Amino acid sequence: MPDPLPISFDDVQAAARRLEGVANRTPVLISRTFDGMIGRGTRVYFKAENYQRVGAFKFRGAYNHLASLPVDARERGVVAASSGNHAQGVALAAQMLGIPATILMPTDAPALKLAATRGYGATVQFFDRLVQTPQAAANAVRDSAGAYLVPSFDDPLVMAGQGTAALELLQEVGELDLVLAPLGGGGLLSGTATAVRALSPSARILGVEPEGADDWVQSLAAGERIMIDPPTTIADGVRTRRPGVLTFAVVSRLAGSVVTVTDDQIKDAMRFMVLRMKTLVEPTAALPAAALLNGVAGPVDGLRIGVIISGGNVDPDVLCDILNS
């Protein structure tokens, strides 16, 4: 009998109760033009987490985790490491709960995400992602300041919180045949897969990552977590170097597979979503759409498909470059 997974559907439901009235219940978008471009009789439902608080799904997991902390941990303050969206999620959740927060951000973090993180009241410190991992940077601050470390993805409370986006999607549109989500550390896909397996058990679940950040593809092929070189993809939200321990356990058992797309395909999908669907997305959020538009998700004729749009926090200069390229 296999070992129990680190989260269950009950955990996702508990997170949903904790987030009720706090997180936005984001809209579900459709585009008949997009449907017609990818298949015959296909219907795609986009769960628009770019309309979530802080502009990304990361608020869900961050708040679920911080709201569960005991008093002594809150008094010590929290520390987190992130390229942007987890940083903002922790910063806002900490502000709402009255918890001091220090955020470690890479030196190349998008300026928009940096400004927002500071705007939510967090103290920001920097690390060089080429010489130090986010975990190591956060651990150093935790050890020196005695703060409580909030994981960005490899944590049951964070994973369960992220799964509430898929829970809401399925509650609104019913069972699906295929569900896609961007894949970095694996928190979103772990929570998504947990919710989908409970409410739409026959659905196929796909993670999508950039070709230049394919730690999941390599790890699943090897049957173990593989460390890759620092990625250089435009999708800054998924520049992870190795899957998490807990997320690898969930994704490898519950998700169907992982596919990759190129940066050029990400840019094309992003342009379509901004110009044709009139919804602002960051490069990471365009990963699933890129997979569908380029046929790497497999045959989709006649399928009901769910897509998690992970966020919309794109740097204005990056957005202009992509739209004009």
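Me: At what angle do the axes of helix 3 and helix 5 cross, and are the two helices parallel or oblique?
Reply: The model is a predicted one. In it, the axes of helix 3 (residues 58-66) and helix 5 come within 8 Å. Angles under 35 degrees count as roughly parallel. The crossing is at roughly 40°, and helix 3 and helix 5 are therefore oblique.

Me: Is the crossing of helix 3 and helix 5 left-handed or right-handed?
Reply: The hand follows from the way the near helix is turned from the far one, clockwise giving a right-handed crossing. For helix 3 and helix 5 the crossing is right-handed.

Me: How are helix 9 and helix 11 set relative to each other, and what is the hand of their crossing?
Reply: The axes of helix 9 and helix 11 (residues 245-254) come within 9 Å and cross at roughly 45°. The two helices are therefore oblique to each other. Their crossing is left-handed.

Me: How many charged residues are in the contact of helix 9 with helix 11?
Reply: On the helix 9 side, G187, L189, S190, A193, T194 and R197 make the contact. Helix 11 contributes T247, V250, V251 and L254. The contact has 5 nonpolar and 4 polar residues, and the number of charged ones is 1.

Me: Are helix 10 and helix 11 oblique or roughly perpendicular to each other?
Reply: Helix 10 (residues 215-222) and helix 11 have axes 11 Å apart and pack at an angle of about 70°. Angles of 65 to 115 degrees count as roughly perpendicular. Helix 10 and helix 11 are therefore roughly perpendicular.

Me: Which residues of helix 11 make the contact with helix 10?
Reply: The contact divides into 4 nonpolar and 3 polar residues, with no charged ones. Helix 10 supplies W216, S219 and L220. Those from helix 11 are T247, F248, V251 and S252.

Me: How much space lies in the largest pocket, and which residues are closest to its centre?
Reply: The largest pocket holds about 940 Å³ of space. Its lining is made of 49 residues, and the closest to the centre are P134, S152, F153, G185 and T240.

Me: Which elements give two or more residues to the lining of the largest pocket?
Reply: By class, this lining has 19 nonpolar, 20 polar and 10 charged residues. The elements that give two or more residues are helix 5 (85-97), helix 7 (134-145) and helix 9 (187-199).

Me: Which helix gives the largest share of the lining of the second largest pocket?
Reply: About 150 Å³ of space lies in the second largest pocket. Its lining divides into 4 nonpolar, 4 polar and 4 charged residues, among them A16, E20, R60 and Q171. Helix 1 (9-19) and helix 8 (156-173) each supply at least two of the lining residues. The largest share, 4 residues, comes from helix 8.

Terms used
Residues numbered from 1 in each chain as written. Predicted model: local features only at pLDDT ≥ 70, side-chain atom pairs only at ≥ 80, totals over all residues. Heavy atoms only, no water. 1 Å grid on protein atoms, 1.4 Å probe; cavity = no way out; pocket = protein on both sides within 12 Å on 5 of 7 lines; lining within 4 Å. Points joined across faces, edges and corners; volume = space filled by probe spheres on them. Nonpolar A, V, L, I, M, F, W, Y, C, P; charged D, E, K, R; others polar. Axes fitted to C-alpha atoms, helices over the stretch in contact; angles between N-to-C directions. Parallel < 35°, antiparallel > 145°, perpendicular 65-115°, else oblique. Contact = heavy atoms within 4.5 Å.
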